[in-house]
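Hello,

Here is the structure I promised to pass on to you. Please open it alongside this message, and my notes on what turned up follow below.

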Amino acid sequence: MVTFRRSLLLSVATLAAGLGLAVLIAEVTMAPPLREVGLLSAYLLASGVASIAACRAVLRLAESSRLSLQGRVFLITAAGALTGVASIFMVAQLMFVSTSHDLAVLAAVLAFVAFVGTACGAFVAASLSSRVGLISGAIRRLASGDYAASLPDGAGDEIGALARDVRLLSEQLRRADEERASLERERRELTVAVSHDLRTPLASLRAMVEALADGLVHGDAESRRYYAAMRREIERLGALIDDLFELAKIDAGALELDVRPLPLEEIAADVVSGMEAQARRLSIDLALRTEPGLPRAVVDGRRIERAIANLVRNALQHTPRGGRVEVALRQDAGWIAISVSDSGSGIAEGQLPRVWERFYRAEASRTREDDIGDGAGLGLAIVRGFVEAHGGRVEAASQPERGSTFTILLPLAAS
């Protein structure tokens, strides 16, 4: 309804403007009497209304038919030219031309104008049809998964805008397809990683339970050793399940943070203190270095402590005996930076962009024989999820044979 009203208003405005222009030209060139001006206006108005009505009727007929776009434009252009020529011929015969010779010449000229106008309309229709055909073909290729389809460039008209929209759609579909492939890869890696990390402790638990049940364990000391080993395997399973649960909450946007202004140097000191015994067992020097006068950051202390612990655990896992792991805190513009550096073998340049991905595990050469990591490659993914939930970001840098540095950047508390 809105389109019809707009089209009707446009037709009336065009007719009024054309009539005014015709009367003005007649006044300037011929200065006819007022009666002739009124008669001319009446004839032109009737002719214009008849032409517009005929064109609208042909347009409605073309839209209801199965003609191609080129055929519709050609038919409408021909109808407009013919009705316009007929109107001019009628007005000329009634008002201006009195001899049959002049009337025949005018008819020939009008026929020529109608032919040329229709031919121009055909050329325009062919151009429009060709451009629309290119866009239609590109959409069909998009539907089949070909995101490199070429589209017409140049014109800033509606077809050009449509081509730009289709190009934007192609880019969005390509990114969505890449994300889908990435999610599918992560799903496969999850299945493999979780299956492996569940199978190993379960197999160990099964063996120890069977040994206890079959009476193969003798003495209290040996029984206590078995029970302690079983507890460690159960705790490992529980940690893996907790990691998966945290990642599920991060993905669902359901991670609830208990934030408050806290001194990050105290949280980092607690992590280092709690892991010193583990570092000594691995013959690794674990140190903490903080910049004096650090302001507080608004954080969930429990989750940031776990994020730092994951980074330290990852560094210990990939640092050889006799190496060094350092936790450093500093203020960096509007952020507090928490960096964990190790003196391990480093990470290959091709692997560095993927270290924050879930279920991604670096090459075996970076893993210690006495592996103390999560095994499934979830630790760094959880760090990134926790930090981004705080409005922060993570960074990683590495040099071959010189170690790696993982950095957490957290926003400062508002004053």
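**What I found**

Serine 283 is partly exposed, with a relative accessible area of 41% (buried means under 20%, exposed over 50% and partly exposed in between, with a 1.4 Å probe and protein chains only). Serine 283 sits in the loop between H7 and strand E2 (285–290); helices (H or I, at least four residues) and strands (E, at least two) are DSSP runs, numbered from the N terminus. Its phi is near 60°, a positive value in a residue other than glycine. Most residues other than glycine have a negative phi.

Before going further, a word on the source: this is a predicted model, in which local features need pLDDT of at least 70 and side-chain atom pairs count only at pLDDT 80 or more, while totals for chains, interfaces and linings use all residues. Residues are numbered from 1 along each chain as its sequence is written, and side-chain values use heavy atoms, with hydrogens and water left out.

Alanine 333 is another non-glycine residue with a positive phi, about 55°. You will find alanine 333 in the loop between E4 and E5, and it counts as exposed at 65% relative accessibility.

**The core**

The largest nonpolar core has 39 residues, and Leu264 and Val312 touch the most other members. Such a core is a set of buried Ala, Val, Leu, Ile, Met, Phe, Trp, Tyr and Cys residues joined through side-chain atoms within 4.5 Å. At least two residues of this core come from each of helix H7 (264–281), strand E3 (297–300), helix H8 (301–317), strand E4 (324–332), E5, helix H9 (379–389) and strand E7 (403–411). H8 gives the largest share, eight residues. Leaving out residues up to four places away in sequence, valine 312 touches Val271, Met275, Leu286, Val327 and Val340; contact here means heavy atoms within 4.5 Å. There is also a second, separate core of eight residues, Val217, Tyr226, Met230 and Leu237 among them.

**The strands around E7**

How many of the nine residues of E7 are buried? Seven are, so that strand is mostly covered. E7 runs antiparallel to E5, joined by seven bridges, and pairs in the antiparallel sense with strand E6 (residues 393–399), again over seven bridges. Two strands count as paired if DSSP finds at least two bridges between them. Phenylalanine 406 in E7 is the bridge partner of valine 340 and also of alanine 396. E6 and E7 form a hairpin with three residues between them, and glutamate 401 in the turn has a positive phi of about 65°.

Tryptophan 335 belongs to strand E5 (residues 335–342) and is partly exposed at 24% relative accessibility. Its C-alpha atom is separated by 4.5 Å from that of proline 411, 76 residues apart along the chain. Beyond its neighbours within four places in sequence, tryptophan 335 contacts several residues, including Arg330, Gly391, Arg393 and Leu410.

**A patch on the surface**

Which residues form a nonpolar patch on the surface? They are Leu21, Leu24, Ile25 and Val28, with about 410 Å² of accessible area together. Valine 28 is in helix H1 (residues 2–29) and is exposed, with a relative accessible area of 65%. Accessible areas come from the Shrake-Rupley method with a 1.4 Å probe, and for residues only the protein chains shown count as cover.

Best wishes

Definitions and conventions
Patch = residues over 30% accessible without salt bridge, like charges linked within 9 Å, V, L, I, M, F, W, Y side chains within 5 Å. Salt bridge = Lys/Arg side-chain N within 4 Å of Asp/Glu carboxyl O.
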